[in-house]
Amino acid sequence: MDLPYRKYFEEMPCYSTVQDRGFRVVDANRRFREDFGDPEGRFCYQVYKNRPERCEICPVDQTFQDGQCHRNEEQVRTLDGREISVMVYTSPIRDETGAITSVLEISADITEVKKLQRQLKESQRRYRLLFEEVPCFISIQDPELRIVDTNRSFKENFGGFPGCKCYEIYKHRDEECVNCAVRRTFKDGGIHHSEEVVTSIRGEQMNTLVFSAPIHDANGEIQYVMEMSTNITPIRELQSQLESIGLLISSVSHNIKGLLTGLDGGMYLVNTGLQKNNQQRITQGWEMVQRNIERIRGTVMNILYYAKKREPSWEAVAAPALVEEVCGLIEPKARECGVTLRRDIDGGAGEFEADAKAMRALLINLLENSVDACRVDTKKPSHAVTFGLKGLTDQVVFEIADDGIGMDRRTREKAFTLFFSSKGSEGTGLGLFIANGIAQAHNGRIGIESELDKGTRFVVTIPRSRKVPDQGGKPES
């Protein structure tokens, strides 16, 4: 080798060798000799790896075979026992005729690079483990609010739907939420939070505290946003127990105030009718008194059922007679609201085991809800509510269907939530919540079928006989 090139060969900051067709090292640079000793015509695999036979995949052999440059990653051992990772590059050395006489092998020490790669992989593994095992729901969303990644808890509770919009998965909505924390983070790059009610794949409603944070790319631009939601339903339930007393007193007091005003009006008509011997006035006033007493009774029953958990007082209840009784109680209100109350009763439905007072309260709440849904619907000229009863082998089914305002999906999912009312200031938010609790206490369930502006159908399914409670009984939608 010419002297100038020999100098370059010796000072190369890597391991350089020249090998013949027998894989003997015929020359090596200074750094190679320092770490592996003088090759003295030894085979490369003896020097590098202390092996008795050549490597299965040998880039030197490949270069001899095809005359091309090759590379491979290897693990070698120095004289002092250090394990070194090297990236091997081979290139052919030809004579004047173009024949390959030997191969130049250059091995670069990549031990630190491999160490960094292992550290990076370990960091990624730990990050992924943390991401997967965090006890909250995490999703990564793109600027179109599409979900690109989720953690294990999210998948278990909401399913794996990559590419879907977050509001489709969380809330079953067709449009973006009005106050979207993720959208605000994309806009200003800040961390935002909100409180949301979401629905799991099992139909379970959850109160969640949502935080959103930006994920930047190499240029500092916001590429994705991470949304982290914590289930705070138990906290909200505890808060509701503390807050409900004040809310209940305020709401019910307002309701009872209106009922007492109605009683005063009825008493006035009765008293003046007696004074003037006006039978029509007496009858009209007494009807007002009776109607408002029934409303007060219903309100007080709701309060009692909410205020105290109780076991049903089991007895044999005749299903057809119960339906007739409830219809008789609600018919005056339906007539007053211009709503036709129809009956579709299976006279052979027979008896079932239940708490008669509780079942009466359940059906009254649902029937009143349907009448009110018709009353506030001004888009149709007339309305009707149909109260049906079917007797099956192991259960009785009550069906209450109306053609009132109906409910959208969000309202249906929240219908049985405490203090949720679609009637505004007219409702206490107790009726459907208590009705659902009564159905569950009887090991039954209430299903809702509803469509906005088309009406609602409640289906109450109650077992004929008392049985050990199971984990079911949640409202369907």
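A nonpolar core is a set of buried Ala, Val, Leu, Ile, Met, Phe, Trp, Tyr and Cys residues joined through side-chain atoms within 4.5 Å. The model shown is predicted. Its largest nonpolar core has 43 residues, and a search of the whole structure finds 33 salt bridges.

**Nonpolar cores**

- Within the largest core, the residues with the most contacts are F352, L362, F387 and F398.
- Helix α12, residues 356–375, gives the most to this core, with 11 residues.
- Leaving aside neighbours within four places in sequence, F387 is in contact with V323, V326, C327, R342, R343, D344, I345, L363, L367, F398, E399 and I400.

**Helix α5**

- Helix α5 runs over residues 111–133 and has 23 residues.
- From the first C-alpha to the last, α5 reaches 32 Å, close to the 33 Å expected at 1.5 Å a residue.
- The buried residues of α5 are K114, F131 and E132.
- Among the elements that cover these buried residues are strands β3 (70–77), β4 (83–94), β6 (137–141) and β7 (147–150), together with helix α6 (152–158).

**Surface patch**

- I191, F211 and M228 make a nonpolar surface patch of about 270 Å².
- I191 lies in the loop between α8 (181–188) and β8 (192–199).
- I191 counts as exposed because its relative accessibility is 63%, and the cut-off for exposed is over 50%.

**Salt bridges**

- Side chains of opposite charge can pair when their charged atoms come close.
- R82 and D35 meet through their side chains in a salt bridge, at 3.7 Å from N to O.
- This pair links distant parts of the chain, 47 residues apart: R82 is in the loop between β3 and β4, and D35 is in helix α2 (residues 30–36).
- R82 is partly exposed, with a relative accessible area of 39%, whereas D35 is buried at 16%.
- D61 and R54 form a salt bridge at 3.5 Å, N to O; D61 is buried, with a relative accessible area of 18%, and R54 is partly exposed at 35%.
- E331 and R343 form a salt bridge at 3.1 Å, N to O.
- E331 belongs to helix α11 (residues 319–336) and R343 to strand β12 (residues 339–345), 12 residues apart.
- E331 is partly exposed at 25% relative accessibility, and R343 is partly exposed at 33%.

Note on methods:
Residues are numbered from 1 along each chain as its sequence is written. This is a predicted model: local features need pLDDT of at least 70, side-chain atom pairs count only at pLDDT 80 or more; totals for chains, interfaces and linings use all residues. Side-chain values use heavy atoms; hydrogens and water are left out. Buried means under 20% relative accessible area, exposed over 50%, partly exposed in between (1.4 Å probe, protein chains only). Helices (H or I, at least four residues) and strands (E, at least two) are DSSP runs, numbered from the N terminus. Contact means heavy atoms within 4.5 Å. The expected span of a helix is 1.5 Å times one less than its number of residues. Patches are made of residues with over 30% relative accessible area and no salt bridge: like charges are joined within 9 Å, nonpolar side chains (Val, Leu, Ile, Met, Phe, Trp, Tyr) within 5 Å. Accessible areas come from the Shrake-Rupley method with a 1.4 Å probe; for residues, only the protein chains shown count as cover. A salt bridge is a side-chain nitrogen of Lys or Arg within 4 Å of a carboxyl oxygen of Asp or Glu.
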